[in-house]
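Please open the structure in the viewer and keep the selection panel at hand.

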Amino acid sequence: KCSWDELDKRAEYYKKCIELGLPWNRKPKFVTGSDFQLKKEYIFDALKLSTLSTVKRATRAASEVTRMQNPKVSELIYPVFQALDEEYLKADIQLGGTDQRHILAYAREYLPKVGYKSRVEIMTPLITSLKGAGTKMSASIPGSSIKIYESEDSVKKKINDAYCPIGEIKSNPVIQLYQHLIFPIRKKIKIERPKKFGGDVSIKDIDEFKKLYSAKKLHPLDVKNKLSKELITIFSKARNYFDKNKDLLKSLGKDFQ
């Protein structure tokens, strides 16, 4: 959530997070909503789509990504715009978290009603809060997530304190970070351990990693130490950028301090 005046600053923040946070082979292109959503054709389509959407359907579509106890009109319009974005961006695929599944389903169902084709919708899993407890990572919940610009000491502390029961794979945020971030980037990893604890172990993929961990052949502390090192390295470009542009973070409010 942010105020209208913060939109441009938020867009710049997320642009830098994406641009600097991953090892891209090609530099990504960024397009903001205001680049095309103010066009006459887009607004006409949005109004047309809104006449086909009931309040109940729009509420269901937005239910997991907005606060629906007392929704604003903008929160019910949100699914309409996100669906139309697929057409006006000429996208073949839309990628979103599983919390967006109702919006993605809305897009597939309603775009054909205004003459546009349905797209492929791909959903990625949400990573469990570092605190465990069955909740997702959230910038508004202290200690539940790692921000891309955090200091090395902060990353180490949060990972060291993270929920990570020995031998347990399910709902383990540390294991999920390996599965959805570390292995897709590194392909294989080496867990460094003292010789008295078995010495270093090379792991070729996430399946082998999970097998070793569930068999209690990997200790949470060794796994956490490796994860901290990897995150510090992967986020180094973004961390250095935001360290030199602290005014941008300050302008975004308390969740970014």
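The model is predicted, so local features need pLDDT of at least 70 and side-chain atom pairs count only at pLDDT 80 or more, while totals for chains, interfaces and linings use all residues. Residues are numbered from 1 along each chain as its sequence is written, and side-chain values use heavy atoms, with hydrogens and water left out.

**Aromatic pairs**

Select Tyr-13 and Phe-242: the ring centres are 5.3 Å apart and the planes stand at 50 degrees, so this pair is tilted. Tyr-13 belongs to helix α1 and Phe-242 to helix α10 (residues 236-244), so the pair ties together parts that are 229 residues apart in sequence. Helices (H or I, at least four residues) and strands (E, at least two) are DSSP runs, numbered from the N terminus. Both Tyr-13 and Phe-242 are buried; buried means under 20% relative accessible area, exposed over 50%, and partly exposed in between (1.4 Å probe, protein chains only).

Next, select Tyr-42 and Tyr-88, whose ring centres lie 5.0 Å apart with planes at 70 degrees, so the pair is edge-to-face. Tyr-42 is in helix α2 and Tyr-88 in helix α4 (residues 73-88), so parts that are 46 residues apart in sequence are tied together. Tyr-42 is buried at 0% relative accessibility, whereas Tyr-88 is partly exposed at 24%.

**Nonpolar cores**

Which residues touch the most other members of the largest nonpolar core? Within its 39 residues, they are Tyr-178, Ile-203, Phe-209 and Leu-231. Such a core is a set of buried Ala, Val, Leu, Ile, Met, Phe, Trp, Tyr and Cys residues joined through side-chain atoms within 4.5 Å. Colour helix α7 (residues 173-186), which gives the most to this core, with 7 residues. Then centre on Leu-231: apart from neighbours within four places in sequence, Leu-231 is in contact (heavy atoms within 4.5 Å) with Ile-146, Val-155, Ile-159, Leu-181 and Ile-182. A second, separate core of 14 residues includes Phe-36, Tyr-42, Ile-103 and Tyr-110.

**Salt bridges**

The structure holds 15 salt bridges, each a side-chain nitrogen of Lys or Arg within 4 Å of a carboxyl oxygen of Asp or Glu. Select Arg-186 and Glu-230, where the closest N and O atoms are 2.6 Å apart. Arg-186 lies in helix α7 and Glu-230 in helix α9 (residues 220-234), so this bridge ties together parts that are 44 residues apart in sequence. Arg-186 is partly exposed at 31% relative accessibility, and Glu-230 is buried at 8%.

Continue to Lys-229 and Glu-192, a salt bridge with its closest N and O atoms 3.2 Å apart. Lys-229 is in helix α9 and Glu-192 in the loop between β3 (189-191) and β4 (201-203), so the pair ties together parts that are 37 residues apart in sequence.

Finally, select Lys-16, Glu-19 and Lys-27, which are linked in a network of salt bridges.

Technical notes. Rings of Phe, Tyr and Trp (its six-membered ring) pair if their centres lie within 6.5 Å; planes under 30 degrees apart count as stacked, over 60 as edge-to-face and the rest as tilted.
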